[in-house]
Amino acid sequence: MKVVLDNLTVSYQRHPAVHHVSGSFAVADATAIFGPNGAGKSTLLKTMIGALKPDSGQARLDGYARQDIAYLPQQSEIDRSLPVSVLDLVATGLWHRTGPFGKVGRAGLGQAMDALEQVGLADFAPRSISALSSGQFQRVLFARILLQDARLILLDEPFTAMDAKTTFDLLELVRRWKEEGRTIIAVLHDYEQVRAYFPHTLLLAREVVAWGRTEQVLTDANLKRAVDTAAHWQDRAAVCQVDGVNA
């Protein structure tokens, strides 16, 4: 199993958001995708799951079946107005066993309750998801991932606007997943979180600035280069070229 990016370019209205990115992610370990705002980090993750189509190149999830992959988008992309209980939402993590319309059953609900217990929200099981705070809702989404039991976990800004206790508890789950041999890839903005929990880092500024061991990637020189690259990007690559033709 491996996740490989092969000369990947993704554009919005001919302007490249991710530009000729190549490399492979560490297997059974945790990698942060880190970089300035507007660096293409979330675009890269969405392309990896097939939500966006690349202009050229490809993102390959070799050896992973659909049920092996868990993806957590940013909270702003999730509709919380649906009349769904906390327990029912977590139980949807069993979709790969039950099918999209299958009945979860008593055993499955028990597993969902256990996942909620692990994130500290067992008492919230009957509540509507619309009644939760952002931190509580994020715990629920992590509980759903626990139930999925995925080998590849993709997280898009999972700790943004979270309180310190929620952030710590969920980062400890990431640590546990890594110890269990799962592959975790997360878009992050917090330097200290990356240093403490993610042994590998892809430093991105629409193109790869550095990729490898975190302590070797997050140097002052590389961080400055990432900021400079992002700041001057429009001057350098205003229109994407694909196979010699304007995309």
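Colleague: Quick one to start: does R206 count as buried or exposed?

Modeller: R206 counts as buried, at 17% relative accessibility, where buried means under 20% relative accessible area, exposed means over 50% and partly exposed lies in between, with a 1.4 Å probe and protein chains only. This is a predicted model, in which local features need pLDDT of at least 70 and side-chain atom pairs count only at pLDDT 80 or more, while totals for chains, interfaces and linings use all residues. Residues are numbered from 1 along each chain as its sequence is written, and side-chain values use heavy atoms, leaving out hydrogens and water.

Colleague: And where does R206 sit?

Modeller: R206 lies in the loop between β8 (200–205) and β9 (207–213), with helices (H or I, at least four residues) and strands (E, at least two) taken as DSSP runs numbered from the N terminus. The phi of R206 is near 70°, a positive value in a residue other than glycine.

Colleague: What about the phi of E157?

Modeller: That phi is near 50°, again positive in a residue other than glycine; E157 is found in the loop between β6 (152–156) and α6 (164–179), and is buried with a relative accessible area of 18%.

Colleague: Changing topic, how many residues does the largest nonpolar core have?

Modeller: The largest nonpolar core has 50 residues, and those with the most contacts inside it are L116, F142, L155 and F198; such a core is a set of buried Ala, Val, Leu, Ile, Met, Phe, Trp, Tyr and Cys residues joined through side-chain atoms within 4.5 Å. Helix α5 (residues 134–148) gives the largest share of this core, eight residues.

Colleague: So which residues does F142 touch?

Modeller: Leaving aside residues up to four places away in sequence, F142 touches L72, L155, P158, F159, L170, L173, V174 and W177, a contact being heavy atoms within 4.5 Å.

Colleague: How many salt bridges are there?

Modeller: The structure holds ten, each defined by a side-chain nitrogen of Lys or Arg within 4 Å of a carboxyl oxygen of Asp or Glu. One of them joins the side chains of R139 and D169 (2.8 Å, N to O), linking distant parts of the chain, since R139 is in helix α5 and D169 in helix α6, 30 residues apart.

Colleague: Is R139 buried or exposed, and what is D169?

Modeller: R139 counts as buried at 12% relative accessibility, whereas D169 is partly exposed, with a relative accessible area of 21%.

Colleague: Which residues are linked in a network of salt bridges?

Modeller: D149, R176, E180 and R182 are linked in that way.
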